[in-house]
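Colleague: I would like the labels in this model traced back to their cut-offs. Please set each value against its definition before you conclude.

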Amino acid sequence: MPQAVYVQDDDYMDYTPVAAVAAGDVILQGDLIGVAVRPIPAGTPGELAIEGIFDVAKATNVAYTVGTILYWDNTNQIVTATATGNKLFGKAAKAAATADPTVRVRLNP
């Protein structure tokens, strides 16, 4: 028996939600983060993007430079530069000013 068997490309991951998921929802499973690119009804198999570049909500009292390591704050549903208590999301792919509601982030593969 082989030690590993190819299943699918690594851009997406299969996911069957218990509750309906909207397009753009960030799904946290342990230390793995995925983004729903389409709505997924409850109990229906779908896919989460686990690679790619996304515009993600952030607090409007902070600015980020390109390359800033960002974490998912699941409580506030935003990215933050604070690692403590949060999960690695990725790196800023475009600078974001303080007033910007989002930051462009390369999802950490």
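Modeller: Pairing comes first: two strands pair if DSSP finds at least two bridges between them. A strand is a DSSP run of E with at least two residues, a helix a run of H or I with at least four, and both are numbered from the N terminus. This is a predicted model, in which local features need pLDDT of at least 70 and side-chain atom pairs count only at pLDDT 80 or more, while totals for chains, interfaces and linings use all residues. Residues are numbered from 1 along each chain as its sequence is written, and side-chain values use heavy atoms, with hydrogens and water left out.

Colleague: How many helices and strands does that rule give?

Modeller: The protein has 0 helices and 9 strands. Along the sequence the pattern reads β-β-β-β-β-β-β-β-β. The C-alpha atoms fill a box of roughly 50 × 30 × 25 Å along the principal axes.

Colleague: What makes β6 and β8 a pair, and in which sense?

Modeller: They share 4 bridges and run antiparallel; at least two are required, so the pair qualifies. Strand β8 covers residues 87-92, and β6 covers residues 69-73. β6 also pairs with β7 (residues 78-80), again antiparallel, over 3 bridges. There, aspartate 73 has isoleucine 78 as its bridge partner.

Colleague: Which residues does lysine 91 contact beyond its neighbours within four places in sequence?

Modeller: Contact means heavy atoms within 4.5 Å. By that test lysine 91 touches Gly67, Thr68, Ile69, Arg104, Val105 and Arg106. Isoleucine 53 lies 38 residues away along the chain, and its C-alpha atom is 9.5 Å from that of lysine 91.

Colleague: Why is lysine 91 called partly exposed?

Modeller: Its relative accessible area is 46%. Buried means under 20% and exposed over 50%, so a value in between is partly exposed (1.4 Å probe, protein chains only). Glutamine 77, at 42% relative accessibility, falls in the partly exposed class too. Over the protein, buried residues make up 32% of the 109 residues.

Colleague: Why is strand β3 described as largely enclosed?

Modeller: 4 of the 5 residues of β3 (residues 32-36) are buried, so the rest of the structure largely encloses this strand. β6 is mostly covered, with 4 of its 5 residues buried.

Colleague: Which strands form the open sheet, and in what order?

Modeller: The sheet has 4 strands in the order β1-β4-β3-β2, with antiparallel pairing. β1 (12-15) and β2 are the edge strands: each has a single partner strand, so one side of each lacks a neighbour in the sheet. From one strand to the next the twist averages 45°; such angles run from 0 to 180 degrees between N-to-C directions, on axes that are lines fitted to C-alpha atoms, for helices over the stretch in contact.

Colleague: How do you know that β3 pairs with β4?

Modeller: β3 and β4 (residues 46-49) have 2 antiparallel bridges, and valine 35 has alanine 49 as its partner in β4. β1 and β4 are joined by 4 bridges, with methionine 13 partnered by leucine 48. β2 (residues 26-29) and β3 also have 4, including the bridge from leucine 28 to isoleucine 33.

Colleague: What makes the phi of glutamine 77 worth a remark?

Modeller: Most residues other than glycine have a negative phi. Glutamine 77 is not glycine, and its phi is positive, near 60°. The residue sits in the loop between β6 and β7, a hairpin with 4 residues between the strands. In the hairpin of β2 and β3, with 2 residues between the strands, the positive phi, near 65°, belongs to glycine 30.

Colleague: Which residues line the largest pocket?

Modeller: Gly24, Asp25, Val26, Val35, Phe54, Asp55, Val56, Ala57, Trp72, Gln77 and Phe89 form the lining. Strand β5 (residues 52-57) gives the largest share, 4 residues. By class the lining has 7 nonpolar, 2 polar and 2 charged residues: Ala, Val, Leu, Ile, Met, Phe, Trp, Tyr, Cys and Pro count as nonpolar, Asp, Glu, Lys and Arg as charged, and the others, Gly among them, as polar.

Definitions and conventions: 1 Å grid on protein atoms, 1.4 Å probe; cavity = no way out; pocket = protein on both sides within 12 Å on 5 of 7 lines; lining within 4 Å.
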